[in-house]
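This report describes how two protein chains meet in a structural model. Please look at the sequence and structure shown here before reading on.

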2 protein chains.
Amino acid sequence: MQLTKTEEDLMNYLWKLEKAFMKDLLEAYPEPKPANTTVATLLKRMTDKGFIAYNLFGNSREYYPLVKKKDYFSKHVNGLIKHFFNDSSSQFASFFIKETNLSKKELEELRAIIDTEIKNK
Amino acid sequence: MQLTKTEEDLMNYLWKLEKAFMKDLLEAYPEPKPANTTVATLLKRMTDKGFIAYNLFGNSREYYPLVKKKDYFSKHVNGLIKHFFNDSSSQFASFFIKETNLSKKELEELRAIIDTEIKNK
DNA sequence: ATATTTGTTCTACGTTTGTAGAGAATAATC
DNA sequence: GATTATTCTCTACAAACGTAGAACAAATAT
């Protein structure tokens, strides 16, 4: 199952905080903050979907992510690639490099990274 | 406004065909094909959302995309980047290079592309 | 001990999405 | 001219989403 956009937002706060009580998450939101029951609902749904879990402290819960941001994100990008580029990562990568306006400096950094990767193969 | 996943699928067929009657789109689907009314509904919604338009031929319509795949996709990736990488394309790019398992050959091709890009700056 | 804060579950309601039937109009074919 | 193919609109309906009130419970502060 998938997180919705709204749930993803919340997940992002949780990833940032690593673990958090509802209060902390509410605080993380910019104004206008959603009702606390809204966040509670989202947390419940996300728990049901298996993306987060919690430890009980008294009667309230300290939530934490069950999925690493990295992994979640990878799956996302893969889906995108599958969808738009016939499942070819390199096709996507070259598209991305050409279309995104990276600066010269950024491109050079990227090349350095690629060189390292090539060496590791 | 945004296309949903199902609408995106249909959009992909349309991008591939460049222009098409409903019949052609239906044919593009793999088995089990959706009911034609389903596709009709999607086409209507996509028209309302402003992603496609059509030319009338008799009483039926030849649909065509109003958005280029490239542009649509770019917006998508940008959204993703904004969402997950604090709006930093290069941060995303390096993440992607490291996480995706590109072959040596693919990496080398990519480096060539980057070199070209750097020269053009 | 009372009031306040924090958090939980249940319920709810309008909107969007996925899917498609019914009915009607036009076009093509026999 | 009657039959068939095409497809458009209207209507529908269940599931998922976004949002939040009501009611209640435990913890904390005064």
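## Contact between the chains

In this predicted model, 41 residues of chain A are in contact with 41 residues of chain B, where contact means heavy atoms within 4.5 Å. The area buried between the two chains is about 4,200 Å², and carbon and sulfur atoms give 74% of that area. Buried area is the accessible area (1.4 Å probe) that two parts lose on being put together, summed over both. On the side of chain A, the residues A:Phe73, A:His83 and A:Phe84 lose the most area to chain B, together 17% of what that side buries.

## Charged and polar pairs

The interface of chain A and chain B holds two salt bridges, each defined as a side-chain nitrogen of Lys or Arg within 4 Å of a carboxyl oxygen of Asp or Glu. One salt bridge joins the side chains of B:Arg111 and A:Asp115 (2.5 Å, N to O).

The side of chain A that touches chain B divides into 19 nonpolar, nine polar and 13 charged residues. Here Ala, Val, Leu, Ile, Met, Phe, Trp, Tyr, Cys and Pro count as nonpolar, Asp, Glu, Lys and Arg as charged, and the others, Gly among them, as polar.

## Domains of chain A

An automatic or database domain assignment gives chain A domain 1 (5-65) and domain 2 (69-120). The centres of these domains, taken over C-alpha atoms, are 31 Å apart.

## Conventions

Residues are numbered from 1 along each chain as its sequence is written, and chains are lettered from A in the order in which they are written. Local features need pLDDT of at least 70, side-chain atom pairs count only at pLDDT 80 or more, and totals for chains, interfaces and linings use all residues, while side-chain values use heavy atoms, with hydrogens and water left out.
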